Amino acid sequence: MKDLLLDIRGLKKHFPAPGAFLSRGVGVIRAVDGVSLQVQRGETLGLVGESGCGKSTLARMILRLETPTAGQIRFDNEDILAWKGSALKAFRRKVQMIFQDPYSSLNPRQTAGGIIEEPLHIHHHPGGREEIKKKLREIASVVGLNEEQLTRYPHEFSGGQRQRIGIARALILKPRLVIADEPVSALDVSIRAQILNLLKRLQREFDLTYLFITHDLGVVRHMSDRIAVMYLGKIVELGGAEPICGAPVHPYTKALLSAVPSMDPLRKSERTVLSGEMPSPAAPPQGCAFHPRCPVRIGICEQRAPLLERDGAGHWVACHLSR
Ligand code: SF4
């Protein structure tokens with residue numbers, strides 16, 4: 001594919017389960033269990049799933065903060081898992097992260113300006129002090145912070161302004177890929193749309209590619225070109241944002257979508273309430289991992305795991321009923 005930026009194949013991350021050493025290493029937590037995803041240059045891929053489904057572990061592997069148990073990650077057609085030293089450092093300039101909780105991710109003893117310009121110092125930006133200050137003022141203005149605000153400390157800002165600081169810090173190195181991990185879920189509902197619209201505008205201005213991680217299908221629908229739905233370490237549905245949100249196929253996607261309030265007062269939506277919690281990735285159910293909670297399961301679901309299969313329109317689903 002000509003415009004492929006990120007290409008993930010068969011990625012796995014298995015951790016030893018607590019007590020596994022005592023029980024001779026048999027216990028394994030399958031946090032990510034064979035994920036393949038491609039992200040095109042300039043697109044937003046939304047990655048959706050409940051807390052604990054493995055989406056943050058997947059992000060940490062892309063950032064090279066976790067070493068995969070198996071699989072490949074290629075960035076711009078290069079194998080990033082082979083990189084060390086200066087090649088790895090150069091890669092880290094190109095991939096930046098926006099965090100969920102802007103307050104805990106900002107150093108309370110640094111001013112906003114110091115926080116935003118810090119990546120330039122870490123990566124030894126060749127410009128002198130004046131050039132760094134110029135870059136700082138430019139990026140602050142782009143995200144809607146003024147010069148006076150750059151002298152203040154994180155506790156002096158609202159949640160939305162703190163997220164603007166986090167976004168400016170992520171963008172000052174002009175990355176190619178931005179991984180946004182629940183970037184608005186800690187914010188007031190009234191502020192969320194402002195930050196989402198800011199992220200969309202910055203994507204156009206800076207030619208960014210986003211991997212947008214969230215548990216909220218309503219948020220990701222607004223942001224994404226394509227959506228991947230993850231359950232217990234695996235992708236269960238993948239396709240364009242409109243087909244996924246307009247005509248979801250997988251029962252899990254349908255349940256997530258039914259929890260999103262409709263903007264159309266005339267549209268009646270029936271809420272599908274899933275029974276129970278997501279099972280532990282240390283003891284995934286036999287067959288389809290979703291079957292204990294699935295409202296439409298059939299006999300085979302308890303015995304055989306469905307494969308992630310593609311229909312003619314490029315929509316991927318892992319469900320025995322989708323054939
Ligand atoms: Fe439900 Fe069976 Fe489809 Fe799994 S394979 S989602 S249990 S119908």
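Two strands count as paired here if DSSP finds at least two bridges between them. Helices (H or I, at least four residues) and strands (E, at least two) are DSSP runs, numbered from the N terminus. The model is a predicted one, so to speak of local features takes a pLDDT of at least 70 and side-chain atom pairs count only at pLDDT 80 or more, while totals for chains, interfaces and linings use all residues. Residues are numbered from 1 along each chain as its sequence is written, and side-chain values use heavy atoms, with hydrogens and water left out.

With that settled, on to the sheets. Contact means heavy atoms within 4.5 Å, and axes are lines fitted to C-alpha atoms, for helices over the stretch in contact, with angles from 0 to 180 degrees between N-to-C directions.

The other open sheet has four strands, ordered β2-β1-β4-β5, and its pairing is antiparallel. Because β2 (28-40) and β5 (78-79) stand at the edges with a single partner strand each, one side of each has no neighbour in the sheet. Two bridges link β4 (residues 70-75) to β5, and phenylalanine 75 sits opposite glutamate 78 in β5. Helix α1 (residues 55-62) lies across β1 (4-16), β2 and β4, running at about 115 degrees to β1.

Then there is the ligand. Around it are 13 residues, of which Cys288, Cys294, Cys301, Cys319 and His320 come nearest; a residue is near if one of its heavy atoms lies within 4 Å. By class, this shell has nine nonpolar, three polar and one charged residues.

Conventions:
Ala, Val, Leu, Ile, Met, Phe, Trp, Tyr, Cys and Pro count as nonpolar, Asp, Glu, Lys and Arg as charged, and the others, Gly among them, as polar.
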